[in-house]
Amino acid sequence: MKFFMKDEIVKEWFERAKRDFDTAKLVFKKGEYYDEMVFLLQQSIEKYIKGYLIFHGWKLKKIHDIEMLLTEAIEFDKSFEEFLDFGRKLTAFYHENRYPPGSIIEISKNDAKEMLNTSLVMIKKIKNKINY
């Protein structure tokens, strides 16, 4: 019974993460508000990593630091090290854009596309690692 419940929790994290990612793609397609797209990517990646960690028995921590979450994921699979810089970038963006004062960070279409693509690679890797 416990194993089933863990699977359901992971599934719920991934479903919520997918909604954020799919919405990020819609925002990108619209061609504006790339800052909101990046926020959604951060949320999506955070949820995918948390689902991955919970799959491995991790106790949920209510944090938004992708680098910290990746560091914990690396304990289960060293190959996640390749995403540390990206994780730092997403976390810095999250804090800079969500906590005033300061102007809204402008994201170019090219940067937005690169972040979307990196997120997709990362998501596929997370899902493949647990055969989801």
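View 1. Met37 and Ile49 touch the most other members of the largest nonpolar core, which has 42 residues. Helix 1, helix 2, helix 3, helix 4 and helix 5 each supply at least two residues of this core, and helix 2 gives the largest share, 12 residues. A nonpolar core here is a set of buried Ala, Val, Leu, Ile, Met, Phe, Trp, Tyr and Cys residues joined through side-chain atoms within 4.5 Å. Buried means under 20% relative accessible area, exposed means over 50%, and partly exposed is in between (1.4 Å probe, protein chains only). Helices are DSSP runs (H or I, at least four residues), numbered from the N terminus. This is a predicted model: local features need pLDDT of at least 70, side-chain atom pairs count only at pLDDT 80 or more, and totals for chains, interfaces and linings use all residues. Residues are numbered from 1 along each chain as its sequence is written, and side-chain values use heavy atoms, with hydrogens and water left out.

**View 2. The surroundings of Ile49.** Leaving aside residues up to four places away in sequence, Ile49 touches Ile66, Leu69, Leu70, Ala73, Met122 and Ile126. Contact means heavy atoms within 4.5 Å. In soluble globular proteins, nonpolar side chains tend to be buried together.

**View 3. Helix 4 and what covers it.** From first C-alpha to last, the 15 residues of helix 4 reach 21 Å, close to the 21 Å expected at 1.5 Å a residue. That expected span is 1.5 Å times one less than the number of residues. Which residues of helix 4 are buried? They are Leu84, Phe86, Gly87, Leu90, Thr91, Phe93, Tyr94 and Asn97, and their cover includes helix 2, helix 3 and helix 5. His95 also lies in helix 4, but counts as partly exposed at 39% relative accessibility.

**View 4. Helix 5 and the residue with positive phi after it.** Helix 5 has 21 residues and spans 30 Å between its first and last C-alpha, close to the 30 Å expected at 1.5 Å a residue. Its buried residues are Ala112, Met115, Leu116, Ser119, Met122, Ile123, Lys125 and Ile126. After helix 5 comes Asn131, with a positive phi near 55°.

View 5. Lys125 forms a salt bridge with Glu82, their closest N and O atoms lying 2.7 Å apart. The pair links distant parts of the chain, 43 residues apart: Lys125 is in helix 5 (residues 109-129), and Glu82 is in the loop between helix 3 (66-74) and helix 4 (84-98). A salt bridge is a side-chain nitrogen of Lys or Arg within 4 Å of a carboxyl oxygen of Asp or Glu. Lys125 is buried at 16% relative accessibility, whereas Glu82 is exposed at 54%. The charged end of Lys125 also sits over the ring of Phe80, 5.8 Å from its centre. For that label, NZ of Lys or CZ of Arg must be within 6 Å of the ring centre and within 35 degrees of the ring normal.

View 6. How many salt bridges does the structure hold? There are 12 salt bridges. One of them joins Glu46 to Lys50, with the closest N and O atoms 2.8 Å apart. These two residues are 4 apart in helix 2 (residues 34-55), about one helical turn. Both ends are buried, Glu46 with a relative accessible area of 5% and Lys50 at 4%. Another joins Glu15 to Lys11, with closest N and O atoms 4.0 Å apart. Glu15 and Lys11 are likewise 4 residues apart, in helix 1 (residues 2-30). Here Glu15 is partly exposed at 40%, and Lys11 is partly exposed at 36%. Lys18, Asp22 and Lys25 are linked in a salt-bridge network.

**View 7. Aromatic pairs.** The count comes to 5 aromatic pairs. Rings of Phe, Tyr and Trp (its six-membered ring) pair if their centres lie within 6.5 Å; planes under 30 degrees apart count as stacked, over 60 as edge-to-face and the rest as tilted. Phe14 and Tyr132 are edge-to-face, 4.7 Å centre to centre with 80° between the planes. Phe14 lies in helix 1 and Tyr132 in the segment after helix 5, so this pair ties together parts 118 residues apart in sequence. Phe14 is buried at 2% relative accessibility, while Tyr132 is partly exposed at 44%. Phe39 and Tyr94 are stacked, at 5.8 Å centre to centre and 10° between the planes. This second pair links Phe39 in helix 2 with Tyr94 in helix 4, 55 residues apart, and both residues are buried. Phe14, Tyr48 and Tyr132 form one aromatic cluster.
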